[in-house]
Amino acid sequence: HHLVSPEKRKSMQKWASDLSLRGFARVGHPGVIYCEGEEADVEEFVLNVKAMQWLKLHLWFVEPAPAPPAPNPNAMFRPEVPGTNKRWIELDTIGDILRYMQRLGREEFVLDVGLGSARKNVNS
């Protein structure tokens, strides 16, 4: 729902670490959770999150994510992508979510569920 409970946030961070998941939680309205990892680990994470008491919780999708592209051996420098090198982070705004997902090449996941707008410039 709003995802403001410090206990829930700490639990999700611990589960993500224990299960070697990468992702984020967006605190506030709407609360948003995104994670990726091995299928069994993601399923366990989802079951743990669903087991918590929520006023409202909606699971939008669980699906296999495309494999990341192979590193380019000819690339001389690849700048670090802020916010995607950590395993689990908290984001503040829908714009932060869009930027994070765009860097993964998966912004359509959040746009398709009505978060944000494709018209916004999420590169800044």
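Colleague: Which residue takes a positive phi in the hairpin of E1 and E2?
Modeller: Helices (H or I, at least four residues) and strands (E, at least two) are DSSP runs, numbered from the N terminus. The hairpin of E1 and E2 has 5 residues between the strands. With a phi near 120°, the one to look at is Gly28. This is a predicted model, where local features need pLDDT of at least 70, side-chain atom pairs count only at pLDDT 80 or more, and totals for chains, interfaces and linings use all residues. Residues are numbered from 1 along each chain as its sequence is written, and side-chain values use heavy atoms, with hydrogens and water left out.

Colleague: How many bridges join E1 to E3?
Modeller: Two strands pair if DSSP finds at least two bridges between them. E1 (residues 22-26) runs antiparallel to E2 (residues 32-36), joined by 5 bridges, with Arg22 partnered by Glu36 in E2. E1 and E3 run parallel, and there Phe24 has Ile89 as its bridge partner. The number of bridges joining E1 to E3 is 4.

Colleague: How many of the 5 residues of strand E1 are buried?
Modeller: Buried means under 20% relative accessible area, exposed over 50%, partly exposed in between (1.4 Å probe, protein chains only). Strand E1 is largely enclosed by the rest of the structure, because the buried count is 4.

Colleague: What kind of pair do the rings of Trp15 and Phe45 make?
Modeller: Rings of Phe, Tyr and Trp (its six-membered ring) pair if their centres lie within 6.5 Å; planes under 30 degrees apart count as stacked, over 60 as edge-to-face and the rest as tilted. The structure holds 4 aromatic pairs. In this one the centres are 6.4 Å apart and the planes sit at 85°, so the pair is edge-to-face.

Colleague: Over the ring of which residue does the charged end of Lys8 sit?
Modeller: A charge sits over a ring if NZ of Lys or CZ of Arg is within 6 Å of the ring centre and within 35 degrees of the ring normal. Here the charged end of Lys8 is 4.0 Å from the ring centre of Trp54.
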